[in-house]
Amino acid sequence: MQVWKDYQEKNKDRFLNELLELLRIPSISAKSENKKDMAKCAEAVKQRLLEAGADKVDIYPTEGHPVVYAEKIIDTSKPTVLVYGHYDVQPAEPLELWHSGPFEPVIKDGKIFARGSCDDKGQVYMHIKALETLVKTNTLNSNIKFCIEGEEEVGSPNLGKFVASHKELLKADCILISDSSMLSLDTPSIDIGVRGLSYIEVEITGANRDLHSGVYGGAVANPITILSKMIASCHDENNHITIPGFYDDVLIATDEERKLMAKAPFNEKEYAADLGVKELWGEKGFTTNERTGIRPTLELNGIWGGYQGEGAKTVLPSKATAKISARLVPNQSSEKITKLLLDYFKKIAPPSVTVSSFEHHGGEPYITPIDSKAYQAAAKAIEATFNKKPIPVRGGGSIPICALFEKELGIKIVFMGFGLDSDNLHSPNEKFNIENFYKGIETIPYFHQCFAEALNS
């Protein structure tokens, strides 16, 4: 609608500056020293929602970081969309790899460089500005609710309790999430699912203290060596995961779905060049897009042990530790896989060491039906602003609360992300194209319009 475009064009500089203010708040949920920043960010989100036209905005405390809830109810008989997002961000380390301060947003080459610019503050803010657009132009034809949490990046440990105890408050006809990506502005897409997650930590202990590597080397097991061998044993020569039972419940994608995924444009050389690697790596028998969408993975996220300071220290370390995550596909259970992983590392450890392992967090995989009214509304909205039908794809990341929301609220989720896979999510120099930011604000009102029309037809 032209009235939306006119309003957004008139206010686009303000929209951008407001986002930059939000990005300056270091809302790192994983760090206790940022607790005050988390509270400050929640208050900032509340204020922006009120300014956008929400009638009611409340901050709900949890055992961890608070949840921001907002609503704009125009008529209880009309359709209601629940928008989910998060205001917390990943830690910024390693800081030395950032070209600018992670919480000092910089605009360069049409991109916003800052932690949270895409994941997920930038995408949450698209929805807040879309609400403002609809309210200020008096064109809102449905009800909108917001559930913006502060613990997504640490596995949403308290959101389940919040949702279970506030079912009536969160009651809606669908859930809309923009915490995902699309292929490109030239080739728009919609994620039809996300993978689940199992995240564990394993600690190997050898001797009761660090030892002189000359005096004891060759006589006592080196925990780093043992841990490295254990991790290496998790994949075979075809990069297939070797842990017994890991693939038992995997939902195999149909030939039809794989053909649909293959329609997405993909240049392997450009992909590798962008990452600075000479060759891609992955499970034999599957394309790159399939490996990151329809197949489960097991990855080493961190490993340490021994001396890591300047210069040399000939030490045989007492301990070695690794953080390991598995991305899961439909039918796999995070609880089952976590137990499988914890048991596996204890089982294969030689008697020369002891193993201590525990779970960090997990989440279930999720698939959204492409024949749902919510998905069809998202597809129509994107076609209206991109002039192209979006391609359905499977997302490689995880949003732990998806299965939880559907279980507790009994409604379906639709993903409508505007980030790009190349936006350095969770990495130094995270970025978000300003054009994508504006495109999201332009497209989201069409979703609300199309969804309301679909439910009223």
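So, a cavity, the way I'm using the word, is a set of points on a 1 Å grid over the protein atoms alone where a 1.4 Å probe fits but cannot get out, and a residue lines it if it has an atom within 4 Å of a point. Keep in mind that this is a predicted model, where local features need pLDDT of at least 70 and side-chain atom pairs count only at pLDDT 80 or more, while totals for chains, interfaces and linings use all residues. Numbering runs from 1 along each chain as its sequence is written, and side-chain values use heavy atoms, with hydrogens and water left out.

Okay, cavities. The structure holds 1 cavity of 30 Å³ or more. The largest cavity has about 40 Å³ of space, where volume is the space filled by probe spheres set on the grid points, joined across faces, edges and corners. Which residues line the largest cavity? They're G245, F246, D248, D249, Q332, S333, K336 and I337. That lining splits into 2 nonpolar, 3 polar and 3 charged residues. For those classes, Ala, Val, Leu, Ile, Met, Phe, Trp, Tyr, Cys and Pro are nonpolar, Asp, Glu, Lys and Arg are charged, and the others, Gly among them, are polar.

Next, a pocket, meaning an open set of points with protein on both sides within 12 Å along at least five of seven lines. The second largest pocket holds about 260 Å³ of space. It has 15 lining residues, and G155, S334, G362, G363 and E364 are the ones nearest its centre. Elements giving two or more residues to that lining are α9 (334-348), β14 (354-363) and α11 (401-409); helices here are DSSP runs of H or I, at least four residues, strands are runs of E, at least two, and both are numbered from the N terminus. The largest share, 4 residues, comes from β14. By class, the lining of the second largest pocket has 5 nonpolar, 7 polar and 3 charged residues.

Now over to the helices. The axes of α2 (residues 35-52) and α3 (residues 121-136) come within 8 Å and cross at roughly 25 degrees. Axes are lines fitted to C-alpha atoms, for helices over the stretch in contact, with angles from 0 to 180 degrees between N-to-C directions. Anything under 35 degrees counts as roughly parallel, so α2 and α3 are roughly parallel to each other. Taking contact as heavy atoms within 4.5 Å, C41, V45, R48, L49, E51 and A52 in α2 meet K121, Y125, I128, L131, E132, V135 and K136 in α3. Those contact residues divide into 8 nonpolar, no polar and 5 charged.

R48 makes a salt bridge with E51, closest N and O atoms 2.8 Å apart, the rule being a Lys or Arg side-chain nitrogen within 4 Å of an Asp or Glu carboxyl oxygen. R48 and E51 are 3 residues apart in α2, so about one helical turn separates them. The count by that rule comes to 22 salt bridges.

The E93 to P94 peptide bond is cis, omega near 5 degrees, and P94 sits in the loop between β3 (80-86) and β4 (106-108). D119 and D120 are also joined by a cis peptide bond, with omega about 5 degrees; D120 is in the loop between β5 (111-113) and α3. And S156, in the loop between β6 (143-149) and α4 (159-165), has a positive phi, near 50 degrees, in a residue other than glycine.

Conventions: Parallel < 35°, antiparallel > 145°, perpendicular 65-115°, else oblique.
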